[in-house]
Protein chains: 2
Amino acid sequence: MSLLVMKFGGTSVADLARIENAAQKVKAEVENGHNVIVIVSAMSGKTNELVGWVSETSPFYDAREYDAVVSSGENVTAGLMALRLQEMDVPARSWQGWQVPVKTTSAHSSARIEDILPQNINAKFAEGMKVAVVAGFQGISPEGRITTLGRGGSDTTAVAFAAAFGAERCDIYTDVDGVYTTDPRVSEKARKLDKIAFEEMLELASLGAKVLQTRSVELAMRYKVKLRVLSSFEEQTDTAGTLVCDEEEIMENRPVSGIAFSRDEAKMTLVSVLDTPGVAAAIFGPLSEAGINVDMIIQNISEEDAGKNITDMTFSCPTDQVARAKKALDAAQASGALVFDELIVDENVAKVSAVGIGMRSQSGVAAKMFKTLSDEGINIKVIATSEIKISVLIDRKYMELAVQALHDAFELERA
Amino acid sequence: MSLLVMKFGGTSVADLARIENAAQKVKAEVENGHNVIVIVSAMSGKTNELVGWVSETSPFYDAREYDAVVSSGENVTAGLMALRLQEMDVPARSWQGWQVPVKTTSAHSSARIEDILPQNINAKFAEGMKVAVVAGFQGISPEGRITTLGRGGSDTTAVAFAAAFGAERCDIYTDVDGVYTTDPRVSEKARKLDKIAFEEMLELASLGAKVLQTRSVELAMRYKVKLRVLSSFEEQTDTAGTLVCDEEEIMENRPVSGIAFSRDEAKMTLVSVLDTPGVAAAIFGPLSEAGINVDMIIQNISEEDAGKNITDMTFSCPTDQVARAKKALDAAQASGALVFDELIVDENVAKVSAVGIGMRSQSGVAAKMFKTLSDEGINIKVIATSEIKISVLIDRKYMELAVQALHDAFELERA
């Protein structure tokens, strides 16, 4: 008997009518001959309500109690979905994380799944159950306490179940109908991708295309889980959504698959840093300890000034971390560990990235990207590259223009 | 280390401010040197919301899924209460039914507690935990599924924990400040009782004084758990509330401790029933199968009519069961199992009862009750008695008058 995993996010189970809509999609797969494991999120808004109560009760809360409270939203949806399926004559039952069990680390509120034991659920499938409805986002620690996996964790639950049960596919139902070449709100030429490679999806996810939790994509890549992203509000067809898969399954690798962007970037430049051995550690050590997500880094060529080596050091980080980063660097200077003249912060920047596994084998992608931006009169402030990604920092006011120009230049509107 | 059980009902934990108020009372007991097991209900309204969703999703729901959904309300309160106590520097943690574990039967949505294993909680007390906050109303079945104990089940959870842990006392915090000689809304002379015997409380609970779930009183009586009912909205003192205890602990047994009543009673009379051996079974068998809670029963002396024995049979039941009772009796007649001329239903009756363990040793209570009602011109329609209770069915319009007159006659306003 082939097995599918279907995951429904908060907006897809927001109320009883939407739970029914989701249940219809599950029933259709059962009628196609599948057994199904359904992973559900909390009804949208519920988790925020519970988190609000916890924070109001205890600002620096015990994460174990946070998990005990916040996990309850998924339990409600799981029971209601099982009932809805039963009403449709589909043999179904609900499972909470500890009942499966989903074994996790003890890192409460951001636990990692260590093991999923399939015996209990498989025994019920053997007895005739067609659908196991599992509360997503949660598990049980070695101490027997409830854990949660962090926001968006139900995606990871879904992929982990698909891996543990050897599912044929893992379908992630959400409120968008797939992964696009870029955000349709920025370029009307944006096109839905039928397939995308795991590596590309990882770059897109971490660049801010919030379709899937990054961890779930990593897990799918490691265990070769075929992942499909599709809308719960559209008709189910064989070509619906976007398949996230191994690059071997994608016939033609174009150099660029998508243009991602992030508005919330800031550029910080340390001017006239005294360039001694270990200066990079003196800068990025304190930033790391302060929890700053440093992204791009550039060091200018060192110059000699009055017998000392002097350089400028530039990096980018999310805008909401600027104040903390400044504080960490000022403290490093005050302690004498770091010497610099000035710290210049530019919060009017945006990051634009071209992503594509085809870059590995095709040259000239960077040159084409830089020329396109230059033709539009857009100045590049910082450049960073990986094997399958080229990112640039530019003035924020040019962001939309840059995305549209690059989308055109790489002909992403063509299927 | 002495141990207390404290139970807070839905109105006592209705919002974060009330949870804080309840936590203050728990902290005060910890400062008095007690370890405490706190049993919490769902925030008021939450259980009804969840039950509503279940019923709307599936009118004839799978009780196992009902339990999985509805139990989540208590889990939220337990976590929030533990967090609130931690904020007050009281070492506390939450426990869900399956974590304790609270072992129950598999009778979902009306399960009975079979065993509570104290090891896990006691191990945490030994490590320095002062308060275990336990989600009430729930347990785990032999199959590993979540069960609930029926509405009001948190009272039973509290008493069962007090018995299992040998608690010094079980305090039930609610929105009334104790048990009264009668409903203060009916008689302004109603007086709060300092003590009441288990047997009396059982009669009052089943007669409609909805302070405690009947089952919790039975359990407290069996295991000799000292039970105190008190308000969570008043100052805690040694004489607060009402102590429900063994009759030996009550110094002076007055003949009558309280006057209970129930508005929602109906009287049904089967006229000219053919009185054959087994006629009672032919009447009350079908009623029992239809789930009718028959209360008082009277059979008139049989008369001979045309060579057959003919009698009238009268019984009472809750008004909302009248239609079902009628249907069951009509069906019995149609099948030939039962022969009667007519079924007369009187829905304008009320039940008034005098309850007191002193009746066992003092005579003349019934006579005094009947004379009091007679002096007020109130006609008694049906009488039923137990060892410690005398109940009468009267016209509903005289109910308040009867309660007030009996309250006066037995001098219940005097402490």
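How far apart do the C-alpha centres of domain 1 of chain A and domain 2 of chain A lie? They lie 35 Å apart; the points below begin with these domains.

1. Basis of the note. This is a predicted model, in which local features need pLDDT of at least 70 and side-chain atom pairs count only at pLDDT 80 or more, whereas totals for chains, interfaces and linings use all residues. Residues are numbered from 1 along each chain as its sequence is written, while chains are lettered from A and ligands numbered from 1 in the order in which they are written.

2. Domains of chain A. Domain 1 covers 3–248 and domain 2 covers 260–409; such bounds come from an automatic or database domain assignment. The contact between them takes 14 residues from domain 1 of chain A and 12 residues from domain 2 of chain A (two residues are in contact if their C-beta atoms, placed from the backbone, lie within 7 Å). On the domain 1 side, helix α7 (residues 198–206) of chain A provides the largest share, 4 residues. Helices (H or I, at least four residues) and strands (E, at least two) are DSSP runs, numbered from the N terminus.

3. The sheet of chain A. An open sheet of 8 strands has the order β3-β6-β2-β1-β9-β11-β12-β10 in chain A, with mixed pairing; two strands pair if DSSP finds at least two bridges between them. Because β3 (92–95) and β10 (195–197) of chain A each have a single partner strand, they stand at the edges, and one side of each is left without a neighbour in the sheet. β10(A) runs parallel to strand β12 (residues 242–245) of chain A, and 3 bridges join them. Within β12(A), Leu243(A) is the bridge partner of Lys195(A).

4. Contact between the chains. 26 residues of chain B are in contact with 26 residues of chain A. On the side of chain B that touches chain A, the elements giving two or more residues are α2 (46–57), α3 (63–70) and α4 (72–87) of chain B. Of these, α4(B) gives the most, with 10 residues. By class, this side of chain B holds 12 nonpolar, 9 polar and 5 charged residues. Here Ala, Val, Leu, Ile, Met, Phe, Trp, Tyr, Cys and Pro count as nonpolar, Asp, Glu, Lys and Arg as charged, and the others, Gly among them, as polar.

5. The sheet of chain B. In chain B, 8 strands form an open sheet of mixed pairing, in the order β3-β6-β2-β1-β9-β11-β12-β10. β10(B) pairs in the parallel sense with strand β12 (residues 242–245) of chain B over 3 bridges, and Lys195(B) stands opposite Leu243(B) in β12(B).
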